[in-house]
Amino acid sequence: MAIVFDGTRESYVERLSEFLDSGQKDAPEWITTLRREAISGFAKLGFPTLSDEEWRFTNLEVLRRGSFSIAENGISGVSKKSVDSYGFPGLDCLRLVFVNGRFASSLSDTRDAGKEILVKSLSEAICEQGDLVKDHLARYADYEKDAFISLNTSYFEDGAFVYVPDGTVFEKPVHVLHVSTDEGHPLFINPRNLIIVGQNSVAKVIEHYVSASQSVYFSNVVTEVVCGENANLEHYRLEFESQKAFNFSTLRVNQQKNSNIASHSVLCGGAIVRNNVHPVLGGEGCNSDIYGLFISEGRQHMDNFMRVEHASPHCDSRQFYNGVLDGRSKGVFHGRILVHEGAEKTDAKQTNRNLLLSDTAQIDTKPQLEIYNDDVKCTHGATIGQMDEEALFYLRSRGVSMRQAKIIMLQAFTAETLEHMSIDSVREVLEGVVMKWFEQRLQNGKGK
Amino acid sequence: MLEVKNLHVQVDDKEILKGMNITVAPGEVHSIMGPNGSGKSTLAQVLAGKETYEVTEGEVTFQGKDLLDLEPEERACEGIFLAFQYPVEIPGVANTYLLREALNAKREYRDEKPLKHIEFAKLAREKMKALGIDEDLLKRSVNAGFSGGEKKRNEIFQMQILEPTLAVLDETDSGLDIDALKIVANGVNSMKDSGRSFIVITHYQRLLNYIVPDFVHVMVDGKIVRSGGKELAYELEEKGYAGF
């Protein structure tokens, strides 16, 4: 029988035992205990409301009224061919595919992982590398403070597990593809990913969320990343969910001494999207580069919540987020930089630039610096504007058509974030997607 | 080539051009001089098609066509080029990209094949060399972070690539040191031919030592109050605009 949630806090709390009885009977006890602890977190928290400072721009009423259920049909409905269509041309990579939060082994390809590197589903890793997973899973993403993390920790079924042992340069990117399908009723999907990059190691992971249909569903993602001493991770989160989907996601990164991460988020789909990026620079000499591009139209709502936590001295962070908003869409950029008492010589910078293509699009941008140390350098800047008329005229005066001039300007704007991606084929695919999006906007006679 | 008749233009209900007349024949160099606020730059922007300027009366014909009827990009493709007084900075758009797009838009307009990358690069290199422009300027974003002199030279470089029929230079000499001024002037002089005309807008007679005009026009309060040969420029230099 389907496990159905009616949107109330109680339903999410009460259905856990059903969930545990149905598909989780063989799970190790510590996982079951973890799920029970997490749901008691949610029981206390409930869904946030507009009166929560961190949620004041994003109304979740529609989520509280929505009925969702756990997927039942397995991975049918997604073919190898359709999975290939979500790939990146010419990219030599490993692939983990999940359908509605469940591992699709037959669609995945992990043959070339190499010695000691583990690229597999989290549920497999829980069985086979229980101790390793136990050391890290739910140790960073706090299920007692964040309702969505609580729900994910309670109800996750599967997700990617990537483990790169110490001293390993793993150049081949891992493409983690999460596909959602239509089962006739709105689904509640909880992908859970765990990425562990050992000391002096290098890894690249592409999390990719797509939908095979334009259906309504509630996708609630948590990714935990451990970046060991002097490790280097490039992480992508590409959100191309259905235009009717609710997508909440948290990227929680634990950075150790001298580690380096580059995080790239591109948000395009979803009716209501919340993108939490939360690195903790937990050892001396860390570096975090956080790039994001969100493009929205219609009535889409995209909320980007950054929490960059400087917990150690001599760490650098850079946030660079650009938004392009059309129609009646709304964007939020909440950029919080938290510098702990001992984190002297922190160098943190934050930039958020927004381009409004219509008179009815809206953006709320809010920097928030919380600094408990005197010896720091923190800067922030935000801009909101229409397309630069002077620049358009200049381009046109050289013979470039209005339409082409707009495309050139938009390309330049989005390139500010995309150009930092080191995987060329991913960047090129995204440039193509963004380009197509612009062309559709301009065709609709908008984008003025 | 260009005929401006009784042109009246206003911005925000304020009339700037008040019955402007000028006729430019092929191969001629015209200089328009005048005090600040006399409407020189407005004329330049109106010729290029800036939409914030409202034409309330008069007509402009360019090679037999009603210029005011054309979009800015159509005017450019028809052969009009404006060297901006204040070239616009466009971060993220490489100079070379803009120029290739512009040149190929113009070629497409004339039913010519677009230039290949390598052909364009060759053309650009030749022109840059003559103007003493560093090649990395091609890769840099359009005017972004350029010095004043670099911006002006970049305008002349664009003009050389696009080879207009009528070039309007709006105070291209302002703020240039003498070396840069010579480079700009050489850039213009090297393009002079019997089919190409120039309108050189300037405050200073200095530039006209290097670009010798066929006609000098004095513009005051939105119209031309006197026209003459190049000797008029010397008279202005001596007496100023007070007498007009």
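The crossing of helices α4(B) and α6(B) is right-handed. That is my starting point today. One caution before I go on: this is a predicted model. Its scores are ipTM 0.95 and pTM 0.88. Chain B has an average pLDDT of 91. In that chain, 100% of the residues reach at least 70.

Back to the helices. α4 of chain B covers residues 117–131. Its axis and that of α6(B) lie 10 Å apart. The angle between α4(B) and α6(B) is about 135°. Angles over 145 would count as roughly antiparallel.

Who makes the contact? From α4(B), we have B:Phe120, B:Leu123, B:Ala124, B:Lys127, B:Met128 and B:Leu131. From α6(B), we have B:Arg153, B:Ile156, B:Phe157, B:Gln160 and B:Ile161. Sort the residues of this contact by class, and you get 8 nonpolar, 1 polar and 2 charged.

Now stay on α6(B), residues 148–162, and turn to α7(B), residues 178–189. The axes of these two helices come within 10 Å. They cross at roughly 15°. Angles under 35 degrees count as roughly parallel. So α6(B) and α7(B) are roughly parallel to each other. The crossing of α6(B) past α7(B) is left-handed.

Here α6(B) contributes B:Arg153, B:Ile156, B:Met159 and B:Gln160. α7(B) contributes B:Ile183, B:Val184, B:Gly187 and B:Val188. By class, the contact of α6(B) with α7(B) holds 5 nonpolar, 2 polar and 1 charged. Look at B:Arg153 on your screen. B:Arg153 takes part in the contact with α4(B), and also in the contact with α7(B). B:Ile156 and B:Gln160 are listed for α4(B) and for α7(B) as well.

Next, the sheet. How many strands does this open sheet have? It has 6, in chain B, and the pairing is mixed. Read across, the order is β6-β9-β10-β3-β11-β12. Which strands sit at the edges? They are β6, residues 80–83, and β12, residues 223–228. Each of those pairs on one side only. From one strand to the next, the twist averages 20°.

One pairing to zoom in on. β3(B) spans residues 29–33, and β11(B) spans residues 215–220. These two strands run in the parallel sense, over 4 bridges. For B:Met33, the bridge partner in β11(B) is B:Val218. Find that pair on the structure, and you have your place in the sheet.

Technical notes. Residues are numbered from 1 along each chain as its sequence is written. Chains are lettered from A and ligands numbered from 1 in the order in which they are written. This is a predicted model: local features need pLDDT of at least 70, side-chain atom pairs count only at pLDDT 80 or more; totals for chains, interfaces and linings use all residues. Side-chain values use heavy atoms; hydrogens and water are left out. Axes are lines fitted to C-alpha atoms, for helices over the stretch in contact, and angles run from 0 to 180 degrees between N-to-C directions. Angles under 35 degrees count as roughly parallel, over 145 as roughly antiparallel, 65 to 115 as roughly perpendicular and the rest as oblique. A crossing is left-handed if the near helix is turned anticlockwise from the far one by less than a right angle, and right-handed if clockwise. Contact means heavy atoms within 4.5 Å. Ala, Val, Leu, Ile, Met, Phe, Trp, Tyr, Cys and Pro count as nonpolar, Asp, Glu, Lys and Arg as charged, and the others, Gly among them, as polar. pLDDT is the predictor's confidence in each residue, from 0 to 100. Two strands pair if DSSP finds at least two bridges between them.
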